[in-house]
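Please keep the sequence and the model in view while reading.

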Amino acid sequence: MSKKQALKTIFALACCVALAVPHAGACTSAIIGAELNPYGRPILWKHRDTSTIDNKVERVPAHGSDLGYVALFNAADCDLKEAWMGMNDAGFAVMNTASYNIKDDKVPAKKMDREGLLMTRALKTCRTVDDFARLLETYRRPMGVEANFGVIDATGAGAYFETNNHSYVRYDLKDAPQHLLVRTNYSHSGRPGEGYGFVREANAEALLQPYVDEASVTPEVLTEVLSRTFYHDGRKQDMEYVPGQWVLDLDYIPRYKSTATVAIEGCKPLTDAAEATPEFVADQYVMWIGMGYPPVSEIKAVRNADGGIDPGLQGTLPGGHCRLGDEAKAVRDSIFDSRGSKKDVYLDISRLFNDQGTGIVQAKRRINHETYRREIERRDK
């Protein structure tokens, strides 16, 4: 099969999953080693794609033996039962991407998609990457998951756990080339050629490589470059620089169903995870988050403490919606159009970028750069 034919096949599969699995999650993600960050801190990043387009950020305080944590939830999750990315009082952080090539049983769909429940348990009980491994080993079977779980802890350790209903395969950050791991919607340990997100994974790796080479990967690179760039590695094209107005929404990291970009920046690695007290984590850990459609989102710095969440991120509106999410969603809806197609959507790229530097993405990047500068200065002083 030629490269051109292979790309056509990938495009066809992407359309099929969008039509056949309307409620499935997707996501592009990465774990960045502390060695690659100029501040010496590991990063856990997730660009969330899901049909559940309304999200919120809330804090769950410690209770009994359960650790307190702050996490991203679906807006309608009134009881905060399913966390989709978060960090806890011990400096443990977790996220996931859906996988579509490691389920090896006939567990029905109604008993699947329970990743959020598992991550909630992890945030309440885990202090280290090894704790998460023990949780998976003892969790009830079938687990109801098919996912790549990414985790980091206060010692700087990180790993992906490619997990199905009965088992997992672990990939440690310390063993990864250049201390970088990237995952989308297939598992590297799974059935070859199955799954989704091959192009998005290549996009992320290509966009990150210059920063990896210079050990300058920051949360700002992840939220402002990867989550706002319409680069396609198969074509070696960045649509920001291609003349034209309408772009087919397919195989870029940001997509119509993208609902958040989240980068959890940990602490400078500690010798012992037990040194990470809730006060230390509240001071040193930052969850950088852009809610709603990431290319037009405003970044806020979230801390795991009382008052550590910007009110615009919390589910204070009807249906548990958050203000910043609704604002970004309204902008998103104004820049997409079907162009008469029954299955495809097109993006008006001219609204995001222009020669004058006044496009929506360009303007948001300037605002968000100031947020990063201010919050990093506050943390590091």
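## Terms and basis

Two strands are said to pair if DSSP finds at least two bridges between them, and the strands (E, at least two residues) and helices (H or I, at least four residues) are themselves DSSP runs, numbered from the N terminus. The model is predicted, so that local features need pLDDT of at least 70 and side-chain atom pairs count only at pLDDT 80 or more, while totals for chains, interfaces and linings use all residues. Residues are numbered from 1 along each chain as its sequence is written, and side-chain values use heavy atoms, with hydrogens and water left out.

An open sheet is formed by 7 strands in the order 3-4-5-6-7-8-9, with antiparallel pairing. Its edges are strand 3 (55-60) and strand 9 (168-172), each of which has a single partner strand, so one side of each is left without a neighbour in the sheet. From one strand to the next the twist averages 20°, where axes are lines fitted to C-alpha atoms, for helices over the stretch in contact, and angles run from 0 to 180 degrees between N-to-C directions.

## Strand 8 and its two hairpins

Strand 7 and strand 8 (residues 158-163) pair in the antiparallel sense over 6 bridges, and glycine 150 has tyrosine 160 in strand 8 as its bridge partner. These two strands form a hairpin with 5 residues between them, and glycine 156 in the turn has a positive phi of about 90°.

Helix 2 lies across strand 4, strand 5, strand 6 and strand 7, and runs at about 5° to strand 5. Helix 3 also packs on the sheet, touching strand 6, strand 7, strand 8 and strand 9, with its direction at about 15° to that of strand 8; contact means heavy atoms within 4.5 Å. The buried residues of helix 2 (residues 115-125) include Leu118, Met119 and Leu123, and its buried residues pack against helix 3 (129-138) as well as strands, among them strand 7 (147-152).

Notes
Buried < 20%, exposed > 50% of the residue type's maximum accessible area, 1.4 Å probe, protein only.
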